[in-house]
Amino acid sequence: MKKIFLLLSLLLVVSCVDNCFAQVEDPLNQTLKVNENWSSEPEKPITKKKKQQQTQTQQQTVITPKVEEVVEQSGVQIINSCPDEITVEFVSLEGNKSSQEVNITIKFTNHKINRNISIGDFIAFNQEGDKFSKWSIGNYNSLTDITQKTSWEIGQMLPSKNSKLTAISFELEGCSVEMRDVPIDWK
């Protein structure tokens, strides 16, 4: 009697194991039926892990490099490394003939949330190849999308030998701005 009971229980276990393996191959018991015939096409299981991996790979491939914006304004070429954050406009580059000093005036507009903007790392070159630099120009409390005007002294140079600055470069809150061939208006 024990042997028969043992055989029946073994037979029951084997039949259950077979059903378990069948369910693993088709977990939702949904096989494809195409044109009233069973399809041999394998189904793809849907898991959250695959979606997370796919979005991670999509995010990795969507990375784009920073694009510099080049604007030409009144004959002056302005190169801005982050035009979405700050817009820069050239106003004037004036020289005083009697004191031989040159001053630059620009306008800038902050497109981010209200913040303090510092202007620094200023470098300029004149036609003679002289370098003019200042570490810090100043800090400005800038509101969102409000244009501010500022000016600073570049340095002294001879009006007869310098009709333009060949290059001007400065940083506005981490954004590099460069201007080329800027004419000096001597007065």
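**Strands and a buried threonine**

Mentor: This is a predicted model. Let us begin with strand S5 (residues 86-96) and strand S6 (residues 101-110), which run antiparallel and are joined by 10 bridges.

Trainee: Which residue of S6 is the bridge partner of Gly 95?
Mentor: Gly 95 has Val 102 as its bridge partner in S6.

Trainee: What is the strand order in the open sheet of 4 strands?
Mentor: The order is S9-S6-S5-S12, and the pairing in this sheet is mixed.

Trainee: Which strands stand at the edges?
Mentor: Those are S9 and strand S12 (185-186); each has a single partner strand, so one side of each has no neighbour in the sheet.

Trainee: Let us stay with S9. Where does Thr 150 lie?
Mentor: Thr 150 belongs to strand S9, which covers residues 147-156.

Trainee: Is Thr 150 buried or exposed?
Mentor: Thr 150 is buried, because its relative accessible area is 6%, and the cut-off for buried is under 20%.

Trainee: What is Thr 150 in contact with, leaving aside its neighbours within four places in sequence?
Mentor: Its contacts are Ile 104, Thr 105, Ile 106, Phe 108, Ile 119 and Tyr 140. With Tyr 140 there is also a polar contact between the side chains, at 2.5 Å.

Trainee: Changing topic, how do S7 and S8 pair?
Mentor: Strand S7 (residues 115-126) pairs with strand S8 (residues 131-142) in the antiparallel sense, over 10 bridges. Within this pair, Asn 139 in S8 stands opposite Ser 118.

Trainee: And how many residues lie between the strands in that hairpin?
Mentor: The hairpin of S7 and S8 has 4 residues between its strands, and Gly 129 there takes a positive phi near 90°.

Trainee: Which strand do 6 bridges join to S7?
Mentor: That is strand S10 (residues 164-172), which runs antiparallel to S7. Here Ile 123 stands opposite Ser 169 in S10.

Trainee: One more topic: how many residues of S4 are buried?
Mentor: Strand S4 (residues 76-80) is mostly covered, with 4 of its 5 residues buried.

Trainee: Which strand does S4 pair with over 4 bridges?
Mentor: S4 pairs with strand S11 (residues 175-183), in the antiparallel sense. In this pairing, Asn 80 has Val 177 in S11 as its bridge partner.

Key:
Residues numbered from 1 in each chain as written. Predicted model: local features only at pLDDT ≥ 70, side-chain atom pairs only at ≥ 80, totals over all residues. Heavy atoms only, no water. Helix = DSSP H or I, 4+ residues; strand = E, 2+ residues; numbered from the N terminus. Buried < 20%, exposed > 50% of the residue type's maximum accessible area, 1.4 Å probe, protein only. Polar contact = N/O pair within 3.5 Å; in protein donor to acceptor, adjacent residues only side chain to side chain. Contact = heavy atoms within 4.5 Å. Pairing = 2+ DSSP bridges.
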